[in-house]
Amino acid sequence: MKPVSAQDERPDSASGTPSTANAVLTPDDPEAGGPLRRMCWIFPDRESTRTGAMWKHYFWDLYAEVAKECGMSWTRHSPDAVTVDGTVRGRPRVYVDDELVTPEDTLFVTALYSLPYQSMDVFNQYALYAVLEQAGFYLPFPPQVSLIGNDKLATLLHLDGSPVPPIPSIRIGTGRDVGKHLYEVALANMTYPAIVKPAGWCGGGGINLARSAEDIRGLASLAQGGDTTLVVQPYLGDGTVDHRVYVVDGKPYGLLKRTPEAGSPVANASRGGTMEFAPIPDELAEATAYFAERLPIPFFCVDFLFDGERYWFSELEPDGVIAPDFDDPHRSIQRDITRARFAAYRDAHAKWLANTTTTAGAVMSGAERETR
Ligand SMILES: Nc1ncnc2c1ncn2[C@@H]1O[C@H](COP(=O)(O)OP(=O)(O)O)[C@@H](O)[C@H]1O
Ligand SMILES: [Mg+2]
């Protein structure tokens, strides 16, 4: 398969195609297979005109198209688009823009974004996650998972039992005392060259090589300019290949390989890397069981780095991009993984709803709401 070449990244194998393939279902169609009708992604509305257009072509339009085929809608909303009327006890009414939505027909994707131009939204995102959770909505990324996925060290610590070893990592803050180099107390075990990168970004932004602790001093003082917390890791070497496993319903579903351009340490397309879908290596497929047990959610991505000899566990991307296979005009693989993701959401939501309506207490059913 020819590598795809447009820019990748986060917002956001291909087998096991769900039965709704290619049929366009309307939200009222009983064939649609569950009560879920709307998937709303809470996403900071901060892209530039150029970047916004690129992502639209790259995945947003396709996601919406596939959702429609499954009888659902897929939309993006900044945190301020949600209004909550809590004036009637036990019966909060939640609106997205001016449309009333309910836990029965809507889920919210609450994956945190914290790139520099989105950082002013972080508090509003988390505050809204808490509100939506309390209002009884199904969140396929519980806010705690969002926290863990957002910080590279939190990820590695949460998943420290991984059968594929985590990359040894050090996390350092870059506040007002960065010039005192107090963090160097933790650098004793570091080897060089080292990779220095932001703890909470994505898309290959801000990844650098440091030849020594002196280089880290320079990078840390630069990172101070954006209040950016850093992670330091041994560099796994030139030609290190990133392997993203798409996990759907706890099973390895597909694999995206990203290879850096010659002369670059970074495999992301934003730095010239190439991408291709490939078979899932047995070692990574087997490791999925561990990740699925620690993360019982319908969809997530785990990224591993292959240094030429062995794999290392690198990252969790709760909503890792489902990249386009641009060499195929139908983008069959991107479509297939996206369809599997949405079907998993619909099934998980249906199960969750069945549990909440039979379990007294935690969340009220629609009928209970109506009678209060
Ligand atoms: N320790 C490392 N050794 C070698 N390459 C690395 C290392 N850390 C990151 N990289 C390269 O940089 C890319 C981006 O780093 P990553 O940790 O995945 O951050 P992001 O969240 O920006 O994707 C990786 O896909 C890999 O190509
Ligand atoms: Mg990555």
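**A first look**

Author: Happy to! The protein has a mean pLDDT of 90, and 87% of its residues reach 70 or more; pLDDT is the predictor's confidence in each residue, from 0 to 100. This is a predicted model, in which local features need pLDDT of at least 70 and side-chain atom pairs count only at pLDDT 80 or more, while totals for chains, interfaces and linings use all residues. Residues are numbered from 1 along each chain as its sequence is written, and chains are lettered from A and ligands numbered from 1 in the order in which they are written.

Reader: Where is the pLDDT below 50?

Author: Residues 1-28 are one such stretch, with 86 contacts in the model beyond near neighbours in sequence. Residues 360-372 are also below 50, and that stretch has 14 such contacts. Two residues are in contact if their C-beta atoms, placed from the backbone, lie within 7 Å. Where pLDDT is low, the predicted coordinates should not be read in detail.

Reader: Got it. How many helices and strands are there?

Author: The protein has 8 helices and 15 strands. These are DSSP runs numbered from the N terminus: helices are H or I with at least four residues, strands are E with at least two.

Reader: Which order do the strands of the 4-strand open sheet take?

Author: The order is 7-10-8-9, with antiparallel pairing. Two strands pair if DSSP finds at least two bridges between them. Strand 7 (170-172) and strand 9 (208-210) are the edges, each pairing on one side only. Inside the sheet, 5 bridges join strand 8 (residues 194-198) to strand 10 (residues 230-234), and Pro-198 stands opposite Leu-230 in strand 10.

Reader: What packs on that sheet?

Author: Helix 5 (residues 213-224) does, touching strand 7, strand 8, strand 9 and strand 10.

Reader: Which residues of helix 5 are buried?

Author: Ile-216, Leu-219, Ala-220 and Ala-223 are. Buried means 20 or more other C-beta atoms within 10 Å of the residue's own, with C-beta atoms placed from the backbone. Seen down the axis of helix 5, the buried residues fall within an arc of 105°, so they line one face of the helix; the arc is that of the directions from the helix axis to the C-beta atoms.

Reader: Nice. Switching topic: what is the strand order in the 3-strand open sheet?

Author: That sheet runs 3-4-5, with antiparallel pairing. Its edges are strand 3 (82-85) and strand 5 (99-101). Strand 3 and strand 4 (residues 93-96) pair over 4 bridges, and Asp-85 stands opposite Arg-93 in strand 4.

Key
Axes fitted to C-alpha atoms, helices over the stretch in contact; angles between N-to-C directions. Buried ≥ 20, exposed ≤ 12 C-beta atoms within 10 Å, placed from the backbone.
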